[in-house]
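Biologist: I have a fold to learn today. Please take me through it step by step.

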Amino acid sequence: MRLQRAGPTRSQAGPLTVTILSDHVARYLAAIRPERSPVMAEMEALAERDRVPIVHWETGRLLAALCRALDPVVLEVGTAIGYSTLHMAEQVERGRVVTLELDPSRAAQARDFFARAGVAERVELIEGDARETIASLPGPFDLLFVDAAKTEYADYIELALPKLTDRALLVIDNLLMSGDVALPPDEPTSWSADSVAAARALNLDLLNDERWVGCVLPVGDGIGLAARSR
């Protein structure tokens, strides 16, 4: 993937690479990625061509490692074409992934990819606004992954909290927003001002909320990682 800043409406943009790492470090990490399955490679090519927002490979790999270790029941908010879902579904055995998507056309693409990748039986895809569908889910969930409308992240987390196990993990994507969260408050950003403000607030909340033991990591486009503490 190319090293460049995200566009001004990142929620509609494609999988642009992050600028929070030095160029030579980013090139090195890209060079050592293992070969992907044909379906995953096809998803990456589609996302690049049609500018579909998907997680960075390193983010997907982190999710895959967590799912391999924990074999969790996952709640994912934001499916898109199912790229991050596939990373997780490939690694669960007794666990499964419940993933929520607003866009029917993206949901249809995701279902096709899941079937061709052989993970459809491990994935339940629910269409609709996550702020409405989360309440209908029975749970409990061991891992919550959030990657949908950036200004609604806090809403998703609060709605999902009663559905989580006592020691659930929380993973949140795009918390560094191509490094824009670290810019001075009056400097223009490549993300929308509302999205950047929401990310800055959530970063502080994640580190100071007594309900979570959390950190923000420079992985992909910035990952929030937290364990439930109460």
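Biologist: What covers the buried residues of helix H8?

Modeller: First, this is a predicted model, where local features need pLDDT of at least 70, side-chain atom pairs count only at pLDDT 80 or more, and totals for chains, interfaces and linings use all residues. Residues are numbered from 1 along each chain as its sequence is written, and side-chain values use heavy atoms, with hydrogens and water left out. Helices (H or I, at least four residues) and strands (E, at least two) are DSSP runs, numbered from the N terminus. Buried means under 20% relative accessible area, exposed over 50%, partly exposed in between (1.4 Å probe, protein chains only). The cover of H8 includes helix H7 (153–160) and strands E5 (164–172), E6 (212–217) and E7 (223–228).

Biologist: Why do the buried residues of H8 line one face?

Modeller: They are Ser195, Val196, Ala199, Leu202, Asn203 and Leu206. On the other side, Ala193, Asp194, Leu204 and Asn208 are exposed. Directions are taken from the helix axis to the C-beta atoms. The buried residues line one face because, seen down the axis of H8, they fall within an arc of 130 degrees.

Technical notes:
Contact = heavy atoms within 4.5 Å.
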